[in-house]
Amino acid sequence: GTPWYGLACNSDGEVVVLTLNENGLSGTIPTQLGLLTSLTSGDDGGGASYETFLYFNDLTGTVPSEIGALTAMKDHMYLTLNDLSGTLPSEIGQMTALTDLLEMGYNQFTGK
């Protein structure tokens, strides 16, 4: 376990789960999110589900390009129901392990 709310770590002490949905978070997504390179999702084989939840907060601004460093992310990353805007960074394309779900609906994104 970890003493921090909304986080879970692996046996090496690396953050693998970020669950901060519906917490009234405001401001921008920090670029330091990209430093959590062990952030993953899926099933650990023991029935525990690893997912990243930042949905239903008051996050604003753009999605930082550093999100592309989350190359261990497999599925279920939720940024839905915030007030994020701008265009999505091309670096999202570096998240090649992300094969299931990147949910970003109900924001203010622009572009194609």
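This is a predicted model: local features need pLDDT of at least 70, side-chain atom pairs count only at pLDDT 80 or more; totals for chains, interfaces and linings use all residues.
1. The strands concerned are β6 (residues 52-53) and β8 (residues 77-78), which run parallel and are joined by 2 bridges.

2. Now for the wider setting. The strand order β1-β2-β6-β8-β10 describes an open sheet of 5 strands with mixed pairing. At its edges are β1 (7-9) and β10 (102-103), each of which pairs on one side only.

3. Leaving out residues up to four places away in sequence, T52 touches L18, L39, T40, M73, H76, M77 and Y78.

4. On to the rings, where the model has 3 aromatic pairs. F53 and Y78 form a stacked pair, because their ring planes are at 20° and the cut-off for stacking is under 30 degrees; the ring centres are 5.0 Å apart. This pair links distant parts of the chain, with F53 in strand β6 and Y78 in strand β8, 25 residues apart. Both F53 and Y78 are buried.

5. What is the geometry of the rings of Y55 and Y78? Their centres are 6.0 Å apart and their planes lie at 70°, so this pair is edge-to-face. Here, too, distant parts of the chain are linked: Y55 is in the loop between β6 and β7 (58-61), Y78 is in strand β8, and 23 residues separate them. Taken together, ring pairs link F53, Y55 and Y78 into a cluster.

6. Is Y78 buried or exposed? Y78 counts as buried because its relative accessibility is 19% and the limit for buried is under 20%. Y55, by contrast, is partly exposed, with a relative accessible area of 22%.

7. One last stop is N23, found in the loop between β2 (15-19) and β3 (26-28). With a relative accessible area of 32%, N23 is partly exposed. Setting aside neighbours within four places in sequence, N23 is in contact with Y5, F56 and N57. N23 and N57 are 34 residues apart along the chain, and their C-alpha atoms are separated by 6.1 Å.

Notes
Residues are numbered from 1 along each chain as its sequence is written. Side-chain values use heavy atoms; hydrogens and water are left out. Helices (H or I, at least four residues) and strands (E, at least two) are DSSP runs, numbered from the N terminus. Buried means under 20% relative accessible area, exposed over 50%, partly exposed in between (1.4 Å probe, protein chains only). Contact means heavy atoms within 4.5 Å. Two strands pair if DSSP finds at least two bridges between them. Rings of Phe, Tyr and Trp (its six-membered ring) pair if their centres lie within 6.5 Å; planes under 30 degrees apart count as stacked, over 60 as edge-to-face and the rest as tilted.
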